[in-house]
Amino acid sequence: MPLSDENLVLRFQAGDQDAFEELFLRYRDKAYALALRMLRHPDMAADVVQETFLRLCKGLRRFRGEASFSTYLYRVVSNLCMDEIRRRQRRQQVSMSVSGEEGGRQREIAGGLSDPEEELVRKEHARRVEEALGRLPEDYRLAVVLRDVHGLSYEEMAAVMQCPLGTVKSRLSRARGMLRDILTEMELLPPGHVKTGEGRETR
């Protein structure tokens, strides 16, 4: 049976470099998926993944297992993504690059179509859902991605986002409501869903 994350961490701390390689292979795709949804730029997401594992390689020497390895990893990825978003905002750059988005779309379409019409419809729908997700404020986007894409528990989300459990639940609820409204506005959901209020987050 494959070793648990905890056992791999312990082996790495004991000097087994192959254990860290196994952790990298186990989590690189998940780290990239999170970074890509937050940044919506493949090259930046790849840079975040590289920096994440460089930091983990150093930080795991002092890791004491207060949280799971996966929670630790998601926290590092999330923090790096937030740092990059803030840098973009300070440089007054557009958060979601239209040219990068369209380029990615063209690469997807050019990737080969077994059933061209069905494939185009599916990919266009997926692209527009990602576009809607990208319109959420970054804190709300992170909550939706961690819960609805990566399946983290509320407790794990609180550890990753470094905020109280009540804030996590409030933020996720508002994020889902905002996302539903955006999808309805984009005609990806039928009108008539219940709009959420603008209530404050629980602190």
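This short talk goes through the nonpolar core, the aromatic rings and the salt bridges of the structure above.

What we have here is a predicted model, in which local features need pLDDT of at least 70 and side-chain atom pairs count only at pLDDT 80 or more, while totals for chains, interfaces and linings use all residues. Residues are numbered from 1 along each chain as its sequence is written, and side-chain values use heavy atoms, with hydrogens and water left out.

Let me start with the core. By a nonpolar core I mean a set of buried Ala, Val, Leu, Ile, Met, Phe, Trp, Tyr and Cys residues joined through side-chain atoms within 4.5 Å, where buried means under 20% relative accessible area, exposed means over 50%, and partly exposed lies in between, with a 1.4 Å probe and protein chains only. The largest such core has 52 residues, and Leu60, Leu73 and Leu146 have the most contacts inside it. Its largest share, 10 residues, comes from α4; helices here are DSSP runs (H or I, at least four residues), numbered from the N terminus. Leu146 touches, among others, Leu34, Tyr74 and Val160, leaving aside residues up to four places away in sequence, with contact meaning heavy atoms within 4.5 Å.

Turning to the rings, those of Phe, Tyr and Trp (its six-membered ring) pair if their centres lie within 6.5 Å, and planes under 30 degrees apart count as stacked, over 60 as edge-to-face and the rest as tilted. There are 5 aromatic pairs in the structure. One of them joins Phe24 and Phe53 edge-to-face, at 4.9 Å centre to centre and with 85° between the planes. Phe24 belongs to helix α2 and Phe53 to helix α3, 29 residues apart, so this pair links distant parts of the chain. Phe53 counts as buried because its relative accessibility is 5%, whereas Phe24, at 26%, counts as partly exposed. Together with Phe12 and Phe20, these two residues form one aromatic cluster.

Finally, the charges. A salt bridge is a side-chain nitrogen of Lys or Arg within 4 Å of a carboxyl oxygen of Asp or Glu, and by this rule the count comes to 11. Which residue does Arg176 bridge to? The partner is Asp148, with the closest N and O atoms 2.6 Å apart. Since Arg176 lies in helix α9 and Asp148 in helix α7, the pair ties together parts that are 28 residues apart in sequence. Arg176, at 28% relative accessibility, counts as partly exposed, and Asp148, at 41%, also counts as partly exposed.

How values were computed:
Helix = DSSP H or I, 4+ residues; strand = E, 2+ residues; numbered from the N terminus.
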